[in-house]
Amino acid sequence: MLRSLRKYGFIYSLFIKNSLMSQMEYRVNFLMGLLVETSYLFAKFLYVIIVYEAGLTLDGVPIDAILLFIGTYTLMTGLYWGLFAINFVQIPEHVRTGSLDLLLTKPISLQFMMTLRNVDFGLAIPNVLGGVTMIVVGWRRLGLPADAASIGGFIFFLVLGLFVTYTLFLIPQLLSFWFIQIAAVNDISNGLFELNNMPMMIYSKWIQRIGVFVVPVLLITNFSPLFVLDRLHPGLFLWAILSPILLLGITRWIWSKAIRNYNSSGG
């Protein structure tokens, strides 16, 4: 197992290196991508400005905590689009054109190759930097302890949220093995991710329950801030650990069904 982890860790480092080299060949496009994504980032700051001007509190959460939630959402947006979505959106094209045939011949995991091969630094860098900045500012304004337990717990739930993001938003793309057009499904899944652009406390209790326990999209960006604010109940703590495992099992099952259903370009 350790040998496999080292092998795939090395391969992923090559993916990152190749992606960076490829994007540096077209520096103007790369810089334009950074500029466009930075403009979207400033639009996210409007959420913060509006909330601060309104002076609102959500379920007893202090106003400065909004920075933690929006910062976490911004950070995870950069990681999702930069690491995963750039690969996910190519899956239907691989299936439709038959280019999946070539990937099937590679001596490594097909899922690993298809879902992690490319990294978009132009999408990731502005959001990651902007998100971390908002988190740090919010953390300081709230006077939260900057000890190993708090920071480690925050990062731990970020990692769990990243696993949920990977599995939850890979599943809609796998429908392309059965259906030709899945644009509507993609629109719905993207809309689900956008539910995280504000703290989940703004939603009704039923929406919160569905977004945490049925389709755990709200787990992605809400649990890390709730943990450092000491508002994460023990039951939610346990669910945050179990849900990525369950989703990974479901994803692997659907993946195996999808690959068996695939017809190569050669028939």
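This is a predicted model: local features need pLDDT of at least 70, side-chain atom pairs count only at pLDDT 80 or more; totals for chains, interfaces and linings use all residues.
Helix α3, which comprises residues 65-88, has 24 residues and reaches 32 Å from its first C-alpha to its last, close to the 34 Å expected at 1.5 Å a residue. The helix bends by about 40 degrees at Trp 81, and it is mostly covered, with 21 of its 24 residues buried. The largest nonpolar core has 73 residues, and those with the most contacts inside it are Phe 169, Phe 177, Met 200 and Phe 223. The largest share of this core, 14 residues, is contributed by α3.

The structure holds 20 aromatic pairs. By contrast, the rings of Phe 177 and Trp 255, with centres 6.4 Å apart and planes at 70 degrees, form an edge-to-face pair. This pair links distant parts of the chain, since Phe 177 lies in the loop between α8 and α9 whereas Trp 255 belongs to helix α12, 78 residues apart. Phe 177 counts as buried at 7% relative accessibility, as does Trp 255 at 5%. Leaving aside neighbours within four places in sequence, Phe 177 is in contact with residues including Ile 91, Val 95, Leu 100 and Tyr 262. Ring pairs also link Tyr 73, Tyr 80, Trp 81, Phe 169 and Phe 193 into a cluster.

Technical notes: Residues are numbered from 1 along each chain as its sequence is written. Side-chain values use heavy atoms; hydrogens and water are left out. Helices (H or I, at least four residues) and strands (E, at least two) are DSSP runs, numbered from the N terminus. The expected span of a helix is 1.5 Å times one less than its number of residues. The bend at a residue is the angle between axes fitted to the seven residues ending there and the seven starting there. Buried means under 20% relative accessible area, exposed over 50%, partly exposed in between (1.4 Å probe, protein chains only). A nonpolar core is a set of buried Ala, Val, Leu, Ile, Met, Phe, Trp, Tyr and Cys residues joined through side-chain atoms within 4.5 Å. Contact means heavy atoms within 4.5 Å. Rings of Phe, Tyr and Trp (its six-membered ring) pair if their centres lie within 6.5 Å; planes under 30 degrees apart count as stacked, over 60 as edge-to-face and the rest as tilted.
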